[in-house]
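Please read this briefing alongside the sequence and the 3D view. The notes are grouped by topic.

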Amino acid sequence: LPLYDIGFRFHLTTYLICTVIGEVWHLAGFNSSSESIMVVHITAISWGFGLLIHYIFYLYTRKRTIAGLEKSELFE
């Protein structure tokens, strides 16, 4: 079976974990003196844009399959 959605789920989970850890790290005061919270926010926004593109490709791929199987694999 094709596992095209595992990559997106991994990407989403990694994004959420890293973003939450970055925010908590700053709230707890563990950041360096030269690091602002804007660095975390800009990273989350740029990574989120990449995640949005990945989600669009995920939806396109999911739409082209039948119950998780490629059409070409079913009808050959």
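Ring pairs join Phe8, Tyr55 and Tyr58 into a cluster; rings of Phe, Tyr and Trp (its six-membered ring) pair if their centres lie within 6.5 Å. This is a predicted model, in which local features need pLDDT of at least 70, side-chain atom pairs count only at pLDDT 80 or more, and totals for chains, interfaces and linings use all residues. Residues are numbered from 1 along each chain as its sequence is written, and side-chain values use heavy atoms, leaving out hydrogens and water.

**Aromatic pairs**
- The structure holds five aromatic pairs.
- The rings of Phe8 and Tyr58 have centres 5.0 Å apart and planes at 10 degrees, so this pair is stacked (planes under 30 degrees apart count as stacked, over 60 as edge-to-face and the rest as tilted).
- This pair links distant parts of the chain, with Phe8 in helix 1 and Tyr58 in helix 2, 50 residues apart.
- Tyr55 and Tyr58 form a tilted pair, 6.2 Å centre to centre with 35 degrees between the planes.
- Because Tyr55 and Tyr58 are three residues apart in helix 2, about one helical turn separates them.

**Burial in the cluster**
- Phe8 and Tyr58 are both buried (buried means under 20% relative accessible area, exposed over 50%, partly exposed in between, with a 1.4 Å probe and protein chains only).
- Tyr58 has a relative accessible area of 15%, whereas Tyr55, at 36%, counts as partly exposed.

**Nonpolar core**
- The largest nonpolar core has five residues: Phe8, Tyr15, Ala44, Leu51 and Tyr58 (a nonpolar core is a set of buried Ala, Val, Leu, Ile, Met, Phe, Trp, Tyr and Cys residues joined through side-chain atoms within 4.5 Å).
- Helix 1 (4-27) and helix 2 each give two or more residues to this core, and helix 2 gives the most, with three.

**Surface**
- Phe49, Leu52, Ile53, Tyr55, Ile56, Phe57 and Leu59 make a nonpolar surface patch of about 680 Å².
- Such patches consist of residues with over 30% relative accessible area and no salt bridge, with like charges joined within 9 Å and nonpolar side chains (Val, Leu, Ile, Met, Phe, Trp, Tyr) within 5 Å; a salt bridge is a side-chain nitrogen of Lys or Arg within 4 Å of a carboxyl oxygen of Asp or Glu.
- Ile53 sits in helix 2 (residues 37-63) and is partly exposed, at 36% relative accessibility.

**Whole chain**
- The chain has three helices and two strands (DSSP runs numbered from the N terminus: helices are H or I, at least four residues, and strands E, at least two).
- Buried residues make up 14% of the 76 residues in the chain.

Key. Accessible areas come from the Shrake-Rupley method with a 1.4 Å probe; for residues, only the protein chains shown count as cover.
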